[in-house]
Amino acid sequence: MHDLTPTPALGAASQTIGTVTIAENTGVALASVTARNGQADTCAKILKKILGAVPNVGKSVLNTPEEGFWIGPDQWMIGAPMQTHEDIDDQLKAALSDAASITEQSGAWAVFDVIGAQMPDMCELLCNVPIRKMAAGDVQRTLIHQLGCFVIRRTADDHIRIFGPRASAQTLLHALITAATSVV
Amino acid sequence: MRYSGFRVIKEALTGHKGWTPAWRDPEPASQYDIVIVGGGGHGLATAHYLAKEFGQARVAVIEKGWIGGGNVGRNTTIIRSNYLLDANEPFYEFSLKLWEGLEQDINYNAMVSQRGILNLIHSDGQRDAFTRRGNAMILNGADADMLSTADIKKRYPFLNTDDARFPIKGGLAQHRGGTVRHDAVAWGYARSADSRGVDIIQNCEVTGFRIESGVCKGVETTRGFIGAGKVGCAVAGNSSRLMSLANMRLPIESHVLQAFVSEGLKPVLPGVITFGAGHFYCSQSDKGGLVFGGDIDGYNSYAQRGNLPAVEDVCEGAMAIFPMLGRARLLRMWGGIMDMSMDGSPIIDKTHIDGLYFNGGWCYGGFKATPASGFAFAHLLAKDAPHPTATAYRFDRFEKGLMIDEKGMGNQPNLH
Amino acid sequence: MIQKNRIEGGQIDRSATFKFTFDGKRYEGHAGDTLASALLANGVRLMGRSFKYHRPRGPLTAGSEEPNALVHLRVGARQEPNTRATTAELFHGLVATSQNRVGSLSFDLLAVNDRLSNFLTAGFYYKTFMWPKAFWERVYEPIIRRAAGLGALSLEDDPDVYDKGYLHCDLLVIGAGPAGLMAALTAARNGADVILADEDFRMGGRLNAETFAIDDASGADWATATVAELATLPNVRLMPRTTVIGAFDHGTYGAVERVSDHIATPLEGKPRQILWRIYTQKTVLAAGAIERPIAFNNNDRPGIMTASALRTYANRFGVAVGHRTAIFTNNDDGHRTAADLHAKGIKVIVIDPRPEAPRAMDYEVLAGAQVTDTMGRLGLTFAQVRLADGTERTIECGALGVSGGWNPNVHMTCHQRGRPVWNGELAAFVPAILPAGMTVAGAAMGDLSTAGALTGGARAARAALGLKGREAKMPIAEDAPVNITPFWYVEGASRAWLDQQNDVTVKDVKLSHQEGFRSVEHLKRYTTLGMATDQGKTSNMGGLAIMAELAGKTIPEVGTTMFRPPYTPVAIGALAGRHRGQDFHPKRLTPSHAWAQEQGAVFVEVGNWMRAQWFPRAGETTWRESVDREVLATRGSVGVCDVTTLGKIDVQGADAADFLNKIYCNGFAKLNVGKVRYGLMLREDGIAMDDGTAARLAEDHFVVTTTTANALPVYRHMEFVRQCLVPDMDVQLISTTEAWAQYAVAGPNARRVLEQIVDQDIGNDTFPFMACAEITVCGGLRARLFRISFSGELAYEIAVPTAYGDALIRRIMEAGAEFDITPYGTEALGVMRMEKGHAAGNELNGTTTAANLGMGRMVSTTKDSIGAVLSRREGLNKPDDLRAVGLKPVNPADKTPAGAHLMAATGPVDAAHDQGYVTSACYSPSLGHHIALAFLKDGDNRMGETMRLVSPLMGVDVAVEICSPHFVDPEGERLRA
Amino acid sequence: MIIDHPLLGPRDSSEFTYMGDARLLERPDPEGADAAAAFYEYAYLRDNPAGWHRELWFHEAGDRSWLVVTRNTMTHEISCVELARDVARAQRQSK
């Protein structure tokens, strides 16, 4: 077992502004799965085993421990708890073998959970998603302060999870905080 | 009628009864030596120089609407000759020299104002590129000056140098650059050409070319056929549409470029300034409005209007370098059609059809080129040979691999 | 000071009294006042000066179409020029000052221009100031510029913040007058998501300014009740103080919400304004109508305003502008003003050019009469009237209300270049071609009666939402017909103002016609009619009508008024939002950023990345000292550099190799697993696009690297080729740039350092130059190792998942301690690549070919690749083409700066003799003198030639020798060691 | 502008990157006798119509699909949006 300790994108403490709480989530391991040509069905079958269902366009499947969401044609992002799934890409490769191309993505993303009554008002200042019309599990890739992010409506009505580029985690958090401050 | 201060005073004292129309409104003749299609800046300038410099009197300019209604009347009025490539720089420097003598040449005050243009530098790589460009300008006989941030701060004390995301590391200045009252350019050339016998025919749209065995005999218009020994097309924004009537496909895409003017403000900007880490350039008109713009919207369009993202992009650039503009108000936005060529440089050339000549593909650099474009096109039409400063602006340069690509963006027009 | 012109009634809150100042004088007003209404209540009519003649001016209107009453609002950094007093909401402590004056507002020295007006006619400046040549810029223009402009900016950074946001709805209703309220109500009651936006701080539109009833309540009370009902509905968003600025494509609207402009300063962290992009399915435009004036001599004195404005000030704000008031109207609506004022005890007299003017009440009506002139230097005192019988009469009055009829507010219908059509009954333009999804209702559509507006609003909403079934019953309201006889200007009028702000008079329009500027566009541009801050809302029609008369044409023949966004001017700050200062663009930080900060690194912007430029050490006084040390230490022992910013694209699939073969001009099909190859990518036009490496980790798995700058375009290009050109290839792409932290470890001791970290054997035999492998480090952490070298030294690039990047750099520094490992930044990186002659951004400038770069032979002729065909064009293969060469100064002390041009050693120095240029240059600590990379005509055949390197821009002119660009270790022994 | 993405539905055009004429899908045969001329026309000549225009948009800030959008350059009206990969595949089959 190696002796290097991972560092979170920010390691920032969660903060509450008015009714909105913004917390960095460092516990998500990620890998992308892209079906090989002509392997879409096989790939879907296996994903169904893993997730319980194959995420449709613009949707996620919030299973445990694995969950996943659609990111492009025949392409999905699969996430799972870091403690148990740090090697998520190996696990997926084992499961999918030649049916799909797997790419580790854990390091690419910073993840923030935004929870609170005024989360929708805040979203209106952040990104072009019809947040009030989104249902649990809806996913939309969008721009937040020019950063390409995924916004996932979680099961709770007042909860979204934002995946943003890790290298710009500071910019993203700053944008979340200023938006929250504006609306509360 | 000659314009002068004395004339203005005399008319003022006699109730302004003596002023006559700036140009006639003639019926089209059946035949001309040369017909210019397009009553914009370039077409009218071509007519002026044909008459004045090349002794061509039987010339008509035909315009589908009102003269000066195209890009010459909807641009940000900047003149400069700060180009990199030897195929461009002598041409734009020639243009700048013509600007410098314009008022006396056409007896019309177009308010040529050489208040200087400044391109800000934000990185070492940019400084290297601008240094190469500044040297190319000087080696071509133009003026260029590399300014330090301190020099710049003296001229623009409110420039954001302490909290800039992309720090300002200097700037390349051309002090002879500046601005011109754009409408006056069209009107002045029109008045001058008219006074030299050129027929300016408004509200006359070309509906086709009469081409017989490979030779262009004239143009079909909404006011009937007009015969011509030679037909020169200078219809920025409509080049592809017009030349398609001669079954030509051009190395051109038409895009919308938006421009903006603020409410009238007491003078704050001494010259023209361009942001090097975003899309924003700005000057202040003699009436006090900040005239500014940025990048094209980026998609093919003939709609003469743009959308919000481009507007926001420009204003973000404005606030990045001039945070004091936050409370200045954008008064009006408009869109012009830019004929974006495949290498960002224009075409002034004969076509494969005898007697049919083309001037276009100016991207968003057409206004500053107006005098030289008119002069060079007149030269080509009168002598059937390219003007010495415009020899590279050929149709076949793309097929031969002789592109004139200032920005190095290749065959994607919306990146130039 | 007491509010001497304040009268009973209105929708102001007399219980809340606000103190404010104008030009330093103290006044009082009430909540619900605008600055203009409060000043008028205090008897102040003079509020500004006109642009050109500096004529004294007061409000012409009570709304956002105001051309005259423009002031500086607030002071210091928050000073806001050209603010309309007629819309500025009064707050306690408001400070306003007048603008565009030299001296005081009541004694403006530049008012002399008014005396000279006969010389300063339309377009006079085009005809003079031409002699002597130099004088325009030295003398005339500076004078003109100094006089130019209206208000002044503070020149201080705007201290307020602005937000931008996105809203989505089924129906956007623009304007909360009777039509808008009814449209919103109808839609909301049917369950649609509705946004109701109005520029005013009080919804209700004209209803707030009128006295007539809707059902048995006053119009204003009906509006209040309706707004209250809408406020209770969850599917309605009420947006007062929100101006919809433009109708953009496909149902996108821009709107500016003035969140904090009605308070002294925004609350901490709150925006001053918000720019909303509203995405809507349908839109109802209920923007109302604007009353237009009539032109007569000196019709611009303070106290002269539109009749409806007088009515608004009296009914809504409880202000009598003048206790003796005259009304000049060509239509019945003007009489409504008279009646309202009369009912409030104001002495009224009506001048109506129509012989059959109605006589409703017991005030005097002068039928068939016209106002011919007025008096009063700083404010109206008398009006001169020509009676029906031709006799003259002078009428004392402090206010004169003018009504030339109403123009439907078609502004927003023109934003997509739709043109309105002429309606003779109204003598006005009405909407015709509309932006997709828009319907127009109420006065904006020409339904000028309240009943018409209510019905129109309801119908528009039903039409927009496709509602079936019975229409709801409409409340009862006045339904008076429009009786108007077109009347634009009084005969003989000359100094009669059309565009009051820009000082365009009837005389100017006549001159414009006389000189042949007759189309609406020429008229506008020649006279500046309609180009002021009000965009001609009150002036365009008059100008058009007069031009039509002069040209013997109908008004529509002359042209239509054309409006462009924004509806009213928008603060540039609002359009920029949060994107200013450090937040202009996002920052991208490398995995070693925190560690580099601890080392005191100096950072530089590389695109959005922040990279360590160099790592200064104690005692180093110049950046060169640090960079030279970093280079020498790396070449002498070992250095480490964060290269995470290079683009990394994961390429997988059975056809991955064939795909790379397509996008790189050189071959990749035969690259063995475990090997890396340098690749050059061309654009389809045959010009070099980007270079990098591709590492084959498995038969069906490559990792492609791009330059930092081109990561995005290259990925886009690869997706284009994959999806559009080779759609049947089995290849999958995804960017992994940020997934891996990558470090270059370079120098003779690089292997010794990494051996302590890498778990596998990396000996020269097992892991030779250009090898790559998936390995583990530090006892099992997954990692990737590439033996590639940008520096020319024995070098590796090692990558770990980004989360371990910080830990790895610290571990590398520990492992390297015994070799005095030196972190180096982008400067040293650049120096070493130049010493090695590697091309980078400065060489790959978008105009260079593979041949220019000295890689001509790399372009495979045995296979097709993007750009191969067009790279063979003659113009790209000239015998004397530019070639990449190295330069060294003949005098070792000389610099060889980038951007300098190469000339023959003897002969002229000009463009015609230009031989090439320097792309990159630096001081080479390894060689002890400056070096440069350059493009030189026929460079390959000029090795050893001495040339002149000139940079006239910098005053540089030195002798240089042409040499190979490979300054250090040309045989490449070190990197294979 | 709003582009009605075949998979994702209406999305703001600011999420996309524009590349121009969809004929760029029809890359000529590099082996063809007239390859040089064909590639010149392919790379440089455009119809640039004032009216309906088939053009390429890349969903850069979305699902990374290249789209073929049929849009009117006079009015900006959009009549059809397809996945470029499907179009390209169809073209190859029709060849």
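This is a predicted model: local features need pLDDT of at least 70, side-chain atom pairs count only at pLDDT 80 or more; totals for chains, interfaces and linings use all residues.
Residues are numbered from 1 along each chain as its sequence is written, chains are lettered from A and ligands numbered from 1 in the order in which they are written, and side-chain values use heavy atoms, with hydrogens and water left out.

**View 1. The interface of chain C and chain D.** On the chain C side 26 residues are in contact with 31 residues of chain D (contact means heavy atoms within 4.5 Å). The two chains bury about 2500 Å² between them, 56% of it on carbon and sulfur atoms; buried area is the accessible area (1.4 Å probe) that two parts lose on being put together, summed over both. His250(C), Arg716(C) and Gln723(C) supply 24% of the area that chain C buries here, more than any other three residues. Five salt bridges cross this interface, each a side-chain nitrogen of Lys or Arg within 4 Å of a carboxyl oxygen of Asp or Glu. Glu684(C) and Arg27(D) form a salt bridge with an N to O distance of 2.5 Å. Helix α17 (residues 711-725) of chain C gives the largest share of the chain C side, nine residues; helices (H or I, at least four residues) and strands (E, at least two) are DSSP runs, numbered from the N terminus.

**View 2. The interface of chain C and chain B.** Here 121 residues from chain C meet 118 residues from chain B. About 10000 Å² is buried between the two chains, 57% of it on carbon and sulfur atoms. In chain C, the residues that lose the most area to chain B are Arg145(C), Ile572(C) and Leu953(C), together 8% of what that side buries. The count of salt bridges between these chains is 11. Arg145(C) forms a salt bridge with Asp286(B), with the closest N and O atoms 3.4 Å apart.

View 3. Strand β16 (residues 329-341) of chain B pairs with strand β31 (residues 570-571) of chain C in the antiparallel sense, over two bridges; strands pair if DSSP finds at least two bridges between them. Val570(C), in β31(C), stands opposite Leu330(B).

**View 4. Strand β14 of chain C and the strands paired with it.** Five of the seven residues of β14 (residues 252-258) of chain C are buried, so this strand is largely enclosed by the rest of the structure. Buried means under 20% relative accessible area, exposed over 50%, and partly exposed in between (1.4 Å probe, protein chains only). Strand β13 (residues 242-248) of chain C runs antiparallel to β14(C) and is joined to it by six bridges. Phe248(C) has Thr252(C) as its bridge partner in β14(C). Three residues lie between the strands of this hairpin, where His250(C) takes a positive phi near 60 degrees. Strand β15 (residues 273-285) of chain C is also antiparallel to β14(C), with seven bridges, and Gln273(C) in β15(C) stands opposite Arg258(C).

**View 5. The surroundings of Asn298(C).** Asn298(C) lies in the loop between β16 (289-291) and β17 (304-306) of chain C. Asn298(C) counts as buried because its relative accessibility is 14%. Its side chain makes a polar contact of 2.7 Å with the side chain of Asp373(C).

Methods: A polar contact is a pair of N or O atoms within 3.5 Å; within protein, one must be able to donate a hydrogen and the other to accept it, and residues adjacent in sequence count only if both atoms are side-chain atoms.
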